[in-house]
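Please open the structure in your viewer and keep the selection tool at hand.

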Amino acid sequence: MLNDPSQLPARVKAFSRQHAGPTMSERNLTHLKRLEAEAIHIFREVAANFDKPVMLYSIGKDSSVLLHLAIKAFYPAKPPFAFLHVDTTWKFREMIEFRDETAMRLGIDLIVHINQDGVRDGINPFDHGSSVHTNIMKTVSLRQALDLHGFDAAFGGARRDEEKSRAKERIFSFRNAAHGWDPKNQRPEMWKIYNTRVAKGESIRVFPISNWTELDIWQYILLEKIPNVPLYFAAHRPVVERDDTLIMVDDDRMKLRDGEVIENRLVRFRTLGCYPLTGAIDSDATDLGAIVQEMLVARTSERQGRMIDKDEAGSMEKKKREGYF
Amino acid sequence: MSASALKVQPLTEYDDNPEIAAFLAEQENKTLLRFLTCGSVDDGKSTLIGRLLYDTKLIFEDQLATLERDSKKHGTDGDNIDFALLVDGLEAEREQGITIDVAYRFFATPKRKFIVADTPGHIQYTRNMATGASTADLAIVLIDARQGVLQQTRRHSFIASLLGIKNIIVAVNKIDLVDFSQDVFDRIVAEYQVLAKGLSFQSIVPIPISARFGDNVTSRSKNMPWYDGPVLLDHLETVKIEQGLQDLPFRFPVQYVNRPNLDFRGFAGQVASGKVTVGDTIAVAKSGQSSKVKRIVTFDGDQPNAVEGEAVTLVLEDEVEVSRGNILVASDARPHVADQFSAHIVWFDETALMPGRTYYLRTETDQVTATVSSLRHRINVNSFAHEAAKSLDMNEVGAVNISTQAPIAFDSYNDNRATGAFILIDRLTNATAGAGMIEAPLRRASNVHWQALDVNKDARAMQKHQKPAVLWFTGLSGSGKSTIANIVEKRLHALGMHTYILDGDNVRHGLNRDLGFTDEDRVENIRRVAEVARLMADAGLIVLVSFISPFKSERRTARELLPAGEFIEVFVDTPIEDCAARDPKGLYAKAYRGEIKNFTGIDSPYEAPDAPEIHLKTSGRESADLAKEVEDYILRLNAYDDFTI
């Protein structure tokens, strides 16, 4: 399915070997090995303490890493929980293809939830704007799915380096019965001892890769050869410039405004979401090595392409208090 | 979209790409250091972190643009960039210009990746500082050069020491505001060394810095030619941390038993300390049983050994009994197994810690109910003096003895941070109420096994032809508890049953005459009565307890001392106006006049039961009628059993 390891250059093979397993009795673990072990430990704590956990799978690179870690944590068994994708119906087509291919390849139990009320009301990012669309098709939809299945713990791939309010969030993040987050009243999180006790109706969101950075994610993908959506790699794609962002025309639901022209540009995405809300960047990074190299000289943060964060500095915190992941 | 496009892009030949090749080579040796910044409010902790992120190029252009905009709106540094805004992420923090919660930040240099816990300086957020310290290997204590050592400097240094941090950097900040003076620096360092005498740090490195202008943060300052020590970042990159963890005895707390099929039974966990090799003899901590390691399983293939920090799955040679909460250990260096031990506690909860109250105690993978059997002393975190105390308030530190319902396996926290730590959880709110660090076992669990007696509870109950029970009457003073209990006892006695009444006032004249009416004493009062009631039920009696017992938590403790169904909560529900009007002992009148303090219902709370077995709403009803209801309950209970009268 992936590259044949024997084809890898000598340096990468040496790196993989060093990363993969011990050869000596005394050795220091690399920072990635420590981050991996921390995430695996968290996965197992949740599986041991909750009746019905679920992993939120959003198809992006962080979800790919999270899925890979979940499989490692329970090997040789399969992860003892289901996977959930909250589909806004506005994801890139290539994301959906990749999602279905991944679920089949790994043989995991993937639930897809769509907010049918939103579909009935025709909610979309063009007419209703990013915040209404995100609220109804993502935040409300997620709450519906969690309530419908009675999940008591949900894994997510959020990282603390993404955004300021994330930096303050615990790994085990407590939610009240209305899925709300109270940032001023978080449980102290001591050592690796997690307080997993919740009352009926309350739940916990769990972020195993809280302490990873964007660069850690790509390095890990490189080392572990984790498959990803091709949209992360540069290719010629049809885009229009809109509000200082490059929006890809992924299907005919996108109507051009006056003066807009579709260009075929060499672009890629640093982050993936709903296509009308996700900006592309000009890039010629067509493989993992080039992406890592690009990151080493990058001067903008990955959420720069995310329209939903732009309103004001506190906007992510507001969404999270309302139950956004 | 063709199917081929779904394949991962091939790795290119990195040997042709010097930048990537160098990058990958760098990663092979990059280690992880977790540290925290602490100190008093306004000492510049957030500014220092902002400076480190900025100087190591971890701030991106769009973040910088946002920061410039926010600096004008909320900044405290005129039109200059206020680095603190970069890390104070919550809206309330930005508005108030202070740090409330611990924030985690990340930066990396070619040598190390760093996880920084930026912790609050204000006293009321001390618990968040402890949170940051629990996972840190090193602490940077910031001191404002103009202020010198403050109370919060002492408090944070003490907590860092208590939580086992061995390496300290004393960053004397804002040195630019005292003209880069060596005298000021030397004086503060001397002051800190006096403070640190009573603490258990291994190394203290003082560095004069200006976080705002970058002096001695990432590059050597030209303004302080007199300083020849290390620059902050160089020291962080090179300081040796936790080298000894692999040399400690092997400890493997079992998280999860992995059993995908009948042929595989593995114990999943993360090596807490030491190392293990296939073929090693290990022991199961709680049972003492031994076995050998057969396989060390990971997704990437079996390993010949595993060291501290690795998450693996162990398969043993023999079918030994192991479940979550147990620890697999080196057979020649075993941990303690005990149900009583001494510990230090940092209290987090708004509800004070009270000896006698029960909590859930949680170690990394084990959970038991536990009682703080005694509060030996409180530690004044400013003077480090030991003080007598009856309870521990939020942010206070104390030395306690703990007794658990079942033995747990542990090491002393000084020997092993991973296996010597625990948290206490409030059983009603599920809040993480406190954090503990174990000192030593108090006695071996094996010595306290109950004597198995031939004449047991069943035998004693059988002889009396009744089912033992504890009728627990709770309600306000003057609600009618004792009146009703007296009638019930007379009727049961008349039916030939064996009973006894424990009455609040009577017990206070004897067994509990050393107790007053503070919250702590009320908790102890109820604990003793509950224990006496349990012994009497064990003797086969039907016990009628008539106590105000205002707190849910203590009633729950009493309930849990008894087998299910034996504790019968009788809520004597009389409105306080009726009680005060009745006032049989004239107590309400005195309480209203302020002559009695801590009077339940007036200046001390009464927590009504949520689901009592018997709920007596007394308004407009006769005592005899109410007593009949209780009597019927007991008769029904006995009718269902073999002890039919």
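The model is predicted: local features need pLDDT of at least 70 and side-chain atom pairs count only at pLDDT 80 or more, whereas totals for chains, interfaces and linings use all residues. Residues are numbered from 1 along each chain as its sequence is written, and chains are lettered from A and ligands numbered from 1 in the order in which they are written.

**Chain B**

Select chain B, which contains 17 helices and 27 strands; helices (H or I, at least four residues) and strands (E, at least two) are DSSP runs, numbered from the N terminus. Of its 645 residues, 46% count as buried. A residue is buried if 20 or more other C-beta atoms, placed from the backbone, lie within 10 Å of its own, exposed if 12 or fewer, and partly exposed in between.

**The largest nonpolar core**

Next, select A139(B), A171(B), V470(B), L471(B) and V545(B), the residues with the most contacts inside the largest nonpolar core, which has 225 residues. Such a core is a set of buried Ala, Val, Leu, Ile, Met, Phe, Trp, Tyr and Cys residues joined through C-beta atoms within 7 Å. Helix α2 (residues 31–49) of chain A gives the most to this core, with eight residues.

Now centre on V470(B). Beyond its neighbours within four places in sequence, its contacts include A533(B), V545(B), L562(B) and F567(B); two residues are in contact if their C-beta atoms, placed from the backbone, lie within 7 Å.

**Helix α14 of chain B**

Select residues 552–561 of chain B, helix α14, where E554(B), R555(B), T557(B) and A558(B) are buried. Seen down the axis of α14(B), the buried residues fall within an arc of 155°, so they line one face of the helix; the arc is that of the directions from the helix axis to the C-beta atoms. These buried residues pack against β17 (358–362), β23 (469–474), α13 (519–538) and β26 (567–573) of chain B.

Go to P76(A), in the loop between α3 (61–74) and β2 (82–86) of chain A. The peptide bond from Y75(A) to P76(A) is cis, with omega near 5°.

Continue to T89(A), in the loop between β2 and α4 (93–106) of chain A. Phi of T89(A) is positive, near 70°, in a residue other than glycine.

Finish at K225(A), in the loop between α7 (214–224) and β7 (235–242) of chain A. K225(A) is not a glycine, yet has a positive phi of about 55°.
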